[in-house]
Amino acid sequence: MGATASCKKTPGSGHPEHDDPAYRRCQELKMERWIQMHYQIKQREQALAIAQHRELFYWLGGFYLSAIYGCASYYQRAKRLSVLAPLLPLTFVMGYYTDWAYGSKLHRIQAEANMIMEHEQELLHWPGGLPSVASIDEARMENEMEKKMHPHHM
């Protein structure tokens, strides 16, 4: 028995009364659950992305240490500073991934996103505006027609 079990219906019509406070509360509860579910999904996706960056950091760290060892060994024999040149870009890459995996990069990205949402709303508009029910139905019908015309392509 979910949130819909308490929604009343108009006698004889089978449709809920939209002015009924119980129906409105039921709809609000559904929306709150939907929002909470999507929020938790986004949290899990973000945790997964952070974990992926940490895993990449470990691999890059191993490569970086191997590169340091190799360049240092070769530098001892060659005594040329140019032998250490490959370490410079690798140091920047390691710094970036260290900041992403364990630093405050994610917090800075979130702060910048909040700043954009507050002060640069015009950047957030979708090309062509929000999809309408009509445009969604039109695309769905086109897709169905395509399936009927070319069943072997799907």
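A nonpolar surface patch of about 500 Å² is built by M31, W34, I35, M37 and I41. The areas come from the Shrake-Rupley method with a 1.4 Å probe, and for residues only the protein chains shown count as cover. I35 is partly exposed, at a relative accessible area of 48%; here buried means under 20%, exposed means over 50%, and partly exposed is anything in between (1.4 Å probe, protein chains only).

A word on where these values come from. The model is a predicted one, so local features need pLDDT of at least 70 and side-chain atom pairs count only at pLDDT 80 or more, while totals for chains, interfaces and linings use all residues. Residues are numbered from 1 along each chain as its sequence is written, and side-chain values use heavy atoms, leaving out hydrogens and water.

Zooming out, the chain has four helices and zero strands, giving the pattern α-α-α-α along the sequence. Helices (H or I, at least four residues) and strands (E, at least two) are DSSP runs, numbered from the N terminus. Of the chain's 154 residues, 11% count as buried.

Next, the record. An unreviewed UniProt entry lists residues 56–75 and 81–98 under "transmembrane region"; such positions are given in the numbering used here, feature names are shortened, and annotations may be inferred rather than shown by experiment. In the model, residues 56–75 are 100% helix and 0% strand, with the end C-alpha atoms 28 Å apart. Residues 81–98 are 67% helix and 0% strand, and their end C-alpha atoms lie 26 Å apart.

What about the inside? The largest nonpolar core has five residues, namely F57, Y64, M94, Y97 and A101. Such a core is a set of buried Ala, Val, Leu, Ile, Met, Phe, Trp, Tyr and Cys residues joined through side-chain atoms within 4.5 Å. Helices α1 (21–78) and α2 (87–102) each supply at least two residues of this core, and the largest share, three residues, comes from α2. Setting aside neighbours within four places in sequence, F57 is in contact with M94, Y97, T98, A101 and Y102.

Between α1 and α2 there is a loop, and K79 is found in it. K79 has a positive phi of about 55° although it is not a glycine. In general, most residues other than glycine have a negative phi. K79 also counts as exposed, at 59% relative accessibility. S82 has its place in the loop between α1 and α2 too, and S82 is exposed as well, with a relative accessible area of 51%. The C-alpha atoms of S82 and C71 are separated by 9.7 Å, these residues being eleven apart along the chain.

Last come the charged pairs. Side chains of opposite charge can pair when their charged atoms come close. The structure holds six salt bridges, where a salt bridge means a side-chain nitrogen of Lys or Arg within 4 Å of a carboxyl oxygen of Asp or Glu. R25 pairs with E32, the closest N and O atoms being 3.6 Å apart. R25 is partly exposed, with a relative accessible area of 42%, and E32 is partly exposed at 45%. R25, E28 and E32 are linked in a network of salt bridges.

K42 forms a salt bridge with E45, with 3.4 Å between the closest N and O atoms. Because K42 and E45 are three residues apart in helix α1, about one helical turn separates them. K42 is exposed at 54% relative accessible area, whereas E45 counts as partly exposed at 42%. In helix α4 (residues 133–149), D137 and R140 are three residues apart, so they too are separated by about one helical turn. D137 and R140 form a salt bridge, their closest N and O atoms being 3.7 Å apart. D137 is partly exposed at 32% relative accessibility, and R140 is partly exposed at 42%.

Note on methods
Contact means heavy atoms within 4.5 Å. Patches are made of residues with over 30% relative accessible area and no salt bridge: like charges are joined within 9 Å, nonpolar side chains (Val, Leu, Ile, Met, Phe, Trp, Tyr) within 5 Å.
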